Amino acid sequence: MNEENKQGGAMLLELILAIAVFVIGSASIAHLYIGAQLSSLYSADKTQAIFLAKEGIEKTRTIRNSGFEYLEEGVTVEIINLDGKDFEREVAVSCFPDFCSVASLVEWVSSNREEGIFFTEHLTPWTGSVYQGGEDPPEEPVE
Amino acid sequence: MINFKKKDKGFIALTSVTIMSGFFVLLFAGMFFVAVEEMERVDSREGSVKALSLANSCAEHALEKLRQHVAYNGNESKDIGDDTCQILAVDGTEQMRIIKTVGETGGHTKKIQVEIGAWNHPLLVVLDWREVSDFTSFALEE
């Protein structure tokens, strides 16, 4: 009888330990899973934001390529929705005598936290032409 | 025989749960570290884009200087926001110039090489504008 009781007690202890291991294991798994999901979401959003911020600068460069005089000082704010997520892009152009500074800021909310990235680039009125390649070389210089 | 199985029931449950938990924890830890690594890669991409913007800005300044003065020879730094970029010595001949710029921020370095071909001053003709891992010497190309 005593031996049986001892065995029963040991089995119960082992079961309790098994449940404890299961609970701790499950909690760790849940924690790791949620962490991985949040990190993946953050990475995807930030990648998108990097492209949007760069696009803001490229848009301004395209305007400059049409003529430096077309660049206007000021701030343009756009809300861009990508896959149900809102990104706010703010492109600020400030001009000086021989260059314009373009600052592109993209903000978004990731896991209830405000995130943002910011790039700055200078554009100058060098207004050259870009040789696109092909067989014909650019024109010879005129002395 | 039946008694033996009964005795080991708890042990089998404990061992199974431990092995299963270990397996899943390892699996999800792997997933977690892959996600963290991806996050670091994206942060690094941000640094690279910033460095490239700096190098591009310096190339813009160098082109403008070259447009204003044919004899512009580079060798200067420019402040872009909180960072700085460098315009290295301008290589080349009267017919061709090579502008080399470097943008550096947060441990990221980007190099831009702009090749300007024959120009009808002040109109510059850009033959090539690219990011390079290392600058090529104009003398070697000749």
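## The interface between the chains

Chain B and chain A bury about 4,100 Å² between them, with carbon and sulfur atoms giving 68% of that area; buried area is the accessible area (1.4 Å probe) that two parts lose on being put together, summed over both. In chain B, the residues that lose the most area to chain A are L14(B), F28(B) and E60(B), together 13% of what that side buries. This is a predicted model, in which local features need pLDDT of at least 70 and side-chain atom pairs count only at pLDDT 80 or more, while totals for chains, interfaces and linings use all residues. Residues are numbered from 1 along each chain as its sequence is written, chains are lettered from A in the order in which they are written, and side-chain values use heavy atoms, without hydrogens and water.

In total, 46 residues of chain B are in contact with 49 residues of chain A, contact meaning heavy atoms within 4.5 Å.

## Charged pairs

Side chains of opposite charge can pair when their charged atoms come close. The whole structure holds 21 salt bridges over all chains, each defined as a side-chain nitrogen of Lys or Arg within 4 Å of a carboxyl oxygen of Asp or Glu. One of them joins K46(A) and D43(B), whose closest N and O atoms are 2.6 Å apart. This pair crosses between chains, from helix α1 of chain A to helix α1 of chain B; helices (H or I, at least four residues) and strands (E, at least two) are DSSP runs, numbered from the N terminus.

Four salt bridges are found across the interface of chain B and chain A. R61(A) and E60(B) also meet through their side chains in a salt bridge, at 3.1 Å from N to O.

## A nonpolar surface patch

A nonpolar patch on the surface is formed by Y33(A), I34(A), L38(A), L41(A) and M31(B), with about 450 Å² of accessible area together. Such patches join nonpolar side chains (Val, Leu, Ile, Met, Phe, Trp, Tyr) within 5 Å, from residues with over 30% relative accessible area and no salt bridge; accessible areas come from the Shrake-Rupley method with a 1.4 Å probe. Helix α1 of chain A (residues 2-66) gives the largest share of the patch, four residues.

Methods: Patches are made of residues with over 30% relative accessible area and no salt bridge: like charges are joined within 9 Å, nonpolar side chains (Val, Leu, Ile, Met, Phe, Trp, Tyr) within 5 Å.
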